[in-house]
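Hi everyone, thanks for coming.

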Amino acid sequence: KKDKYENMEFKTQYNIGDKLYYWSIDKVKILYGEITGISFYATLNGDNIGIKLDYYIRSSGNALSERVPEYLMFKDRNDVFDFCYKLTNDL
């Protein structure tokens, strides 16, 4: 019997090797870096599948990668400016 989850496919918004801006939780600032890895987690609860992706980004000039959630990753500078505006809007 073939398992209904056997051929499950998923797509990511970003790929290994992509260069982008991101908010570094460790450094508490916006950095520019390259995606060096993606972790995929799937959980099954009855018929519901939960999927979580973790991205690992190495900033320019740094040997170590840090884990960054997708909502803190930005493809271009305008996305960074929008994030900063929303972050400081209520100050």
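First, a word on the ground rules. What you see is a predicted model, where local features need pLDDT of at least 70 and side-chain atom pairs count only at pLDDT 80 or more, while totals for chains, interfaces and linings use all residues. Residues are numbered from 1 along each chain as its sequence is written, and side-chain values use heavy atoms, with hydrogens and water left out.

So how confident is the predictor? pLDDT is its confidence in each residue, from 0 to 100. The chain has a mean pLDDT of 86, with 88% of its residues at 70 or more.

Now the layout. We have 1 helix and 5 strands, where helices (H or I, at least four residues) and strands (E, at least two) are DSSP runs numbered from the N terminus. Reading from the N terminus, the order is β-β-β-β-β-α.

How are the strands arranged in the sheet? They make an open sheet in the order E4-E3-E2-E1-E5, with antiparallel pairing. E4 and E5 are the edge strands, each pairing on one side only. Two strands pair, by the way, if DSSP finds at least two bridges between them. E2, residues 29–45, is joined to E3 by 12 bridges. As one spot to look at, Glu34 sits opposite Arg58 of E3.

That brings me to Lys19, which belongs to strand E1, residues 19–24. Leaving aside residues up to four places away in sequence, Lys19 touches Tyr32, Gly33 and Glu34; contact here means heavy atoms within 4.5 Å. With Glu34 there is also a side-chain to side-chain polar contact at 3.3 Å. A polar contact is a pair of N or O atoms within 3.5 Å; within protein, one must be able to donate a hydrogen and the other to accept it, and residues adjacent in sequence count only if both atoms are side-chain atoms.

My last stop is Asn62, in the loop between E3 (48–59) and E4 (65–68). Its side chain reaches the backbone nitrogen of Leu64 at 3.1 Å. Is Asn62 buried, partly exposed or exposed? Asn62 counts as partly exposed because its relative accessibility is 30%; buried means under 20% relative accessible area, exposed over 50%, and partly exposed in between (1.4 Å probe, protein chains only). Across the 91 residues of the chain, 23% count as buried.

Methods
pLDDT = per-residue confidence, 0-100.
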